[in-house]
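Thanks for asking me to look this one over. My notes follow as numbered points, to be read with the model open beside them.

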Amino acid sequence: MKKLLLFCIVVLSFSSCEKDDICDPGQSTTPRLLIEFYDTNNPAVLKNLTNLYVIGEGQEEALVLNESIPIDSPVSEQRFLSNGNRIGLPLNTEADQVVYNLTLNYNSPNQDLIFEDQIVINYSRLNAYVSRACGYKTTYKLNPPTNPLAPITVTSGNVWINSIEILQSDIETENEIHVKIYF
Amino acid sequence: MKSTLKYISSFFLLFSMLGWSQTTDSLPKFKDRYGLRVGIDLHRLTRSLYDKDYQGVEFTGDFRLSKRYFAAAEIGTEKRDTREPQINATTRGQYLKIGFDYNTHQNWLQLENMVNVGLRYGFSTFSQTLNSYKVYNPNPYFGNGDFIDVNREYNGLTAHWIETVAGIKAQVFTNVFVGFSFRLNIMIQEKDPSGFENLYIPGYNRTYNDRFGVGFNYTVSYFLPLYKKDKGVSAEKKKKK
């Protein structure tokens with residue numbers, strides 16, 4: 001009876017121990033750069049974007065900002081537009097710089113209302129072990145002010161972004177906002 | 001799945017051996033034989049042939065202390081490649097397990113079969129080489145990176161654990177035993193490489209998130225008889241006096 005019990009324990013441990021083979025989506029892995037948008041005229045107040053469209057320089061497809069809309073929806077192009085006050089920008093795990101074009105009022109019929117700014121983000125990277133299933137993650141550190149390559153700058157357009165404030169230059173988790181943009 | 005089937009079929013084979021061996025010998029005087037039994041783990045040996053990610057050998061030994069108690073030990077060396085979707089590492093090292101087995105089986109007359117439970121203290125020294133890894137990126141907008149080659153070796157790793165053992169041994173020819181055992185391992189302490197973790201420990205096998213691991217061996221062993229004693233029952237009675 002004792003042996004049978006032990007045998008059961010062994011069999012159970014065989015069957016239940018495979019759970020750590022898949023990387024848990026709740027696990028903190030490679031983070032995005034989290035940006036919150038504020039009102040220039042009232043810097044303490046969050047301001048909603050209107051149809052912000054974001055595309056990485058050299059990328060063919062825009063960044064999905066609204067994942068609540070299904071990919072086969074008749075308004076699936078809405079997936080690429082944000083009307084909230086917070087976005088997450090993926091950084092490149094294999095390069096120290098990304099360039100994004102941020103367009104406000106992207107789908108406006110009035111060309112005069114479409115504002116496009118380009119921002120450049122410079123950072124350094126570090127790869128750290130997470131787990132057997134997830135492997136490694138990349139964490140980032142925005143360039144310090146002493147570096148000739150500024151951490152975040154508006155390089156062209158400069159039509160709607162008023163100023164950029166860095167809250168957290170260590171991009172290690174998605175639990176906090178890293179950057180504030182005033183417009 | 002294939003290997004599970006292998007285990008099950010060898011399980012039945014062993015039980016048939018157990019029945020068969022009970023008819024082999026009959027001596028007029030019933031004395032228990034005491035001695036040293038040495039063996040080799042066929043499971044690790046054959047796996048080294050068919051599994052390109054594994055190389056290992058384990059020698060086993062036990063020495064009969066009393067009617068039911070046996071001092072037992074295993075010593076082995078292993079090399080194991082861990083290939084996960086995100087990580088590739090190689091572990092190399094040696095291990096030693098010492099403890100005892102308790103034979104729960106009531107043998108007929110001169111038979112020496114065992115249905116045993118036991119405990120071991122396990123110790124391993126090993127190294128782990130991180131061959132390559134992938135970065136896990138849930139938002140791969142700029143593409144999912146490929147494996148990054150590292151080839152970094154972490155030396156001087158150690159682990160201590162306790163094993164609970166359940167197994168059987170059957171005498172198939174004179175002094176030749178075949179048996180297997182299942183082990184449930186409980187980690188006491190392990191030294192992880194800094195900024196990494198032990199994915200495999202020689203002797204302990206694959207590590208999991210919790211403190212438990214599992215093991216198995218399938219041994220063929222030879223018994224070297226050294227001396228004889230009266231049937232343990234009377235010997236035990238004498239002790240009690």
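1. How many helices and strands does chain A have? Chain A has 1 helix and 12 strands, and along the sequence they follow the pattern α-β-β-β-β-β-β-β-β-β-β-β-β. Helices (H or I, at least four residues) and strands (E, at least two) are DSSP runs, numbered from the N terminus.

2. A word on the ground rules. This is a predicted model, in which local features need pLDDT of at least 70, side-chain atom pairs count only at pLDDT 80 or more, and totals for chains, interfaces and linings use all residues. Residues are numbered from 1 along each chain as its sequence is written, while chains are lettered from A and ligands numbered from 1 in the order in which they are written.

3. On confidence, the predictor gives the complex an ipTM of 0.82 and a pTM of 0.80. Chain B has a mean pLDDT of 87 (the predictor's confidence in each residue, from 0 to 100), and 83% of its residues reach 70 or more. Please look at both ends of chain B. Residues 1-9 of chain B stay under 50 and have 0 contacts beyond four places in sequence; two residues are in contact if their C-beta atoms, placed from the backbone, lie within 7 Å. Residues 232-241 of chain B are also below 50, with 8 contacts in the model beyond near neighbours in sequence.

4. Of the 183 residues of chain A, 26% count as buried (20 or more other C-beta atoms within 10 Å of the residue's own, with C-beta atoms placed from the backbone). Among the contacts in chain A with a separation of 6 or more, 59% link residues 24 or more positions apart.

5. Now to the nonpolar cores, sets of buried Ala, Val, Leu, Ile, Met, Phe, Trp, Tyr and Cys residues joined through C-beta atoms within 7 Å. The largest has 31 residues, and those touching the most other members include Leu33(A), Leu52(A) and Ile121(A). Elements giving two or more residues to this core include β1 (33-39) and β3 (52-56) of chain A, and β6(A) supplies the largest share, 4 residues. Apart from it lies another core, of 18 residues, among them Cys134(A), Ile87(B), Ala159(B) and Tyr200(B).

6. Chain B has 3 helices and 10 strands, in the order α-β-α-β-β-β-β-β-β-β-β-β-α from the N terminus on. Buried residues make up 33% of its 241 residues.

7. Which strands form the closed barrel of chain B? The 8 strands run β1-β2-β3-β4-β5-β6-β7-β10 with antiparallel pairing (two strands pair if DSSP finds at least two bridges between them). Strands β2 (residues 54-64) and β3 (residues 69-83) of chain B are joined by 11 bridges, and Glu58(B) stands opposite Gly76(B) in β3(B). Helix α2 (residues 42-50) of chain B packs on the sheet, touching β1 (31-41), β2, β3 and β10 (212-230) of chain B.

8. Finally, the contact between the chains takes 31 residues from chain A and 28 residues from chain B. On the side of chain A that touches chain B, the elements giving two or more residues are α1 (2-16), β7 (115-131) and β8 (135-142) of chain A, with the largest share, 8 residues, coming from α1(A). By class, that side has 15 nonpolar, 9 polar and 7 charged residues; Ala, Val, Leu, Ile, Met, Phe, Trp, Tyr, Cys and Pro count as nonpolar, Asp, Glu, Lys and Arg as charged, and the others, Gly among them, as polar.

Note on methods. Buried ≥ 20, exposed ≤ 12 C-beta atoms within 10 Å, placed from the backbone. Axes fitted to C-alpha atoms, helices over the stretch in contact; angles between N-to-C directions.
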